Amino acid sequence: MSERRRPVTHIKTFAERLMEEAAKFREAAERLAPGTERELLMKRADQAEKAAQMSDWLTKPNTAPPPPLSNLLKAVKPGVA
């Protein structure tokens, strides 16, 4: 019989945790010499920051999308999902 997982209670919001993760990725990237590994860490930091922005936008009612998303939404044709 499998054990049940205990629910996790987070002290910080999802967006705060994402921003902390982005900061860790940036710090790690700054310690590396320019190259593929550094670029990968910088990309992960950017992704975490964008995810935090999206999370904030999705949890707040009646708000405009953040600038990076506004450009994406304009590119999508109306009526196409």
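Which exposed residues does the face of helix 1 turned away from its buried side carry? Here are a few friendly notes, starting with that one.

1. The outward face. The exposed residues on the face of helix 1 turned away from its buried side are Lys24 and Glu30. Exposed stands for over 50% relative accessible area, buried for under 20%, and partly exposed for what lies in between, with a 1.4 Å probe and protein chains only.

2. Ground rules. This is a predicted model, in which local features need pLDDT of at least 70 and side-chain atom pairs count only at pLDDT 80 or more, while totals for chains, interfaces and linings use all residues. Residues are numbered from 1 along each chain as its sequence is written, and side-chain values use heavy atoms, with hydrogens and water left out.

3. The length of helix 1. Helices here are DSSP runs of H or I with at least four residues, numbered from the N terminus. Helix 1 covers residues 14-30, and its 17 residues should span 24 Å at 1.5 Å a residue; the end C-alpha atoms are 25 Å apart, which agrees. The expected span is 1.5 Å times one less than the number of residues.

4. The buried side. Ala15, Leu18, Ala22, Phe25 and Ala29 are the buried residues of helix 1. They lie on the same side of helix 1, because the arc they cover around the axis is only 80°. That arc is taken from the directions from the helix axis to the C-beta atoms. As background, an α-helix has 3.6 residues a turn, so residues three or four places apart point the same way. Helix 2 (36-59) is included in what covers these buried residues, with contact meaning heavy atoms within 4.5 Å.

5. A salt bridge at Lys12. The count of salt bridges comes to three, where each needs a side-chain nitrogen of Lys or Arg within 4 Å of a carboxyl oxygen of Asp or Glu. One of them joins Lys12 and Glu20, with the closest N and O atoms 2.3 Å apart. Lys12 is partly exposed at 39% relative accessibility, and Glu20 is partly exposed at 34%.

6. Arg26 and Asp46 form a salt bridge with an N to O distance of 2.6 Å. Arg26 belongs to helix 1 and Asp46 to helix 2, so this pair ties together parts 20 residues apart in sequence. Arg26 also meets Glu49 in a salt bridge, at 3.0 Å from N to O. This second pair links distant parts of the chain as well, with Glu49 in helix 2 and Arg26 in helix 1, 23 residues apart. The relative accessible area is 22% for Arg26 and 34% for Asp46, while Glu49 has 24% relative accessibility.

Conventions
Helices (H or I, at least four residues) and strands (E, at least two) are DSSP runs, numbered from the N terminus.
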